[in-house]
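Please keep the sequence and the model at hand while reading.

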Amino acid sequence: TDTDATAARSHAKSKALAERAEAVFPGGVNSGTRRNGSPYAFADGRGGYLTDLDGNTYLDYHAAFGAMIIGHRAAEVDDAVRRSMSGVDLTGYGVSELEVQLGELVTSVLPSVEQTIIVNSGSEAVAYAIRLARAITGRKYLVKFQGGFHGWSDPVARNVISPKERAYGDDPITAGMLPDSWQSTLIAEFNDLESVRELFRTHPEQIAAVIMEPIPHNVGALVPTQEFVEGIRQLTTEQGALLIFDEVITGFRHAIGGYQEICGVTPDLTTYGKAMGNGYPVAGMGGRRDLMQHFDAAGGDVGLLGTFNGNPTSCAAAIATVSYLRDNPDFYTRTHALGERLRTGLREIMADKGIAAQVVGFGGTFSTYFLDGVVSGYRELLDNNAIASVQFHRRMIERGFLMIPLALKRNHISGSHTEADIDRTLEAMSDVLGDMRS
Ligand code: PLP
């Protein structure tokens, strides 16, 4: 497969489909961040590769924003889904065997999760976590970190980095919300414990929860200091607020037990999703039994509803994916080593070419900040050259390497990527960055 081709690729067929889509979907897509230009549509995916409608191939680091963790058309997931089709379809009554198996599996691998609920998307998991935290504490405010993304629900739809990037005060991110719903969310700075302390001082006994991506991958990879995560844990406990780890990206990706396994800090509630289903819509939220008991329809005080929650197909996909990751711990050593190989190689290229950039990441993820100096929190990211970031990824896409064409966003190494893939990527990056300088 010639994915290194620099010759112009044809996009006629995928463009034609995009035009049909524009007639029926607002903006031609079903999620705002999918409107990216060519290629417009894919026809096939195998392992680490995607093929577009015109037959061009791409090494896939976008990975559906991180959902495709094993790779496309993973045999173990496809087989499990096929097998699930011989049992019950959706019933909306009681539980299914697959649902219970998934609950048992998730509670056995996520250190802080004694009980869980299974839903269909990360946004739903987050919305439930916030509702539960407010119900338990009887408090109104939520604290999130600048640049953190937690899905589309009202309380968290603010202070998300936008394609404009310098959207520090660009709030809220959507029309149609009641002011109170997003203004009840306070913003702190990542890796800055004092900024969280200050909010507890100015809102005494009013903060229900602090929600954090343990590694904010929505702005690349800000790795927390150990002091920071431990400090947040201690502070929330002292202040009677819940600590919510949003492990929708980090969960199952960096370790089978998520970042909480790596940092050894126990949140009260955890949200997870994306990678757990290798592409199927499935997510969850869990934590201590005494907290989760509020969802018990007999005697609990927090509503839990959802027609498709725990549906057999998604559960089958998630059982297969999570079991695969649990039973193949070399997945983590391999993807982490490939991540290191890519980051080291890209750093050398940047240095060779004299480009002011930071190559960051954790495990099998990598991101590039086009700026000078060291990044420890969100503020420094405001200096990122967003145009260069997007241009870098766009040019890599044109050469057959699919990356999220948004500033700061991470790229993902899946279980199907190889050393040869990484080396080929580095060669293409060297060419692209050379061209960008001239
Ligand atoms: N939380 C985090 C950390 C995310 O990155 C995302 C999605 O990107 C979500 C929550 C929302 O998940 P979903 O898109 O499945 O609703």
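## Terms and basis

Helices (H or I, at least four residues) and strands (E, at least two) are DSSP runs, numbered from the N terminus. This is a predicted model, in which local features need pLDDT of at least 70 and side-chain atom pairs count only at pLDDT 80 or more, while totals for chains, interfaces and linings use all residues. Residues are numbered from 1 along each chain as its sequence is written.

## Ligand surroundings

Helix H5, covering residues 122-137, gives the most to the shell around the ligand, with 3 residues. The shell holds 15 residues, of which Ser121, Gly122, Ser123, Gly151 and Val248 come nearest; a residue is counted as near if its C-beta atom, placed from the backbone, lies within 6 Å of the molecule.

## Overall fold

The protein chain contains 15 helices and 14 strands. Its radius of gyration is 21 Å, close to the 22 Å that the globule rule gives for 438 residues, so the chain is as compact as a globular protein of that length; the radius is taken over C-alpha atoms, and the rule is 2.2 Å times the number of residues to the power 0.38. Along its principal axes the C-alpha trace spans about 65 × 55 × 45 Å.

## Two domains

The protein chain is divided into domain 1 (12-73 + 330-437) and domain 2 (75-327), with bounds that come from an automatic or database domain assignment. Between domain 1 and domain 2, the C-alpha centres lie 25 Å apart.
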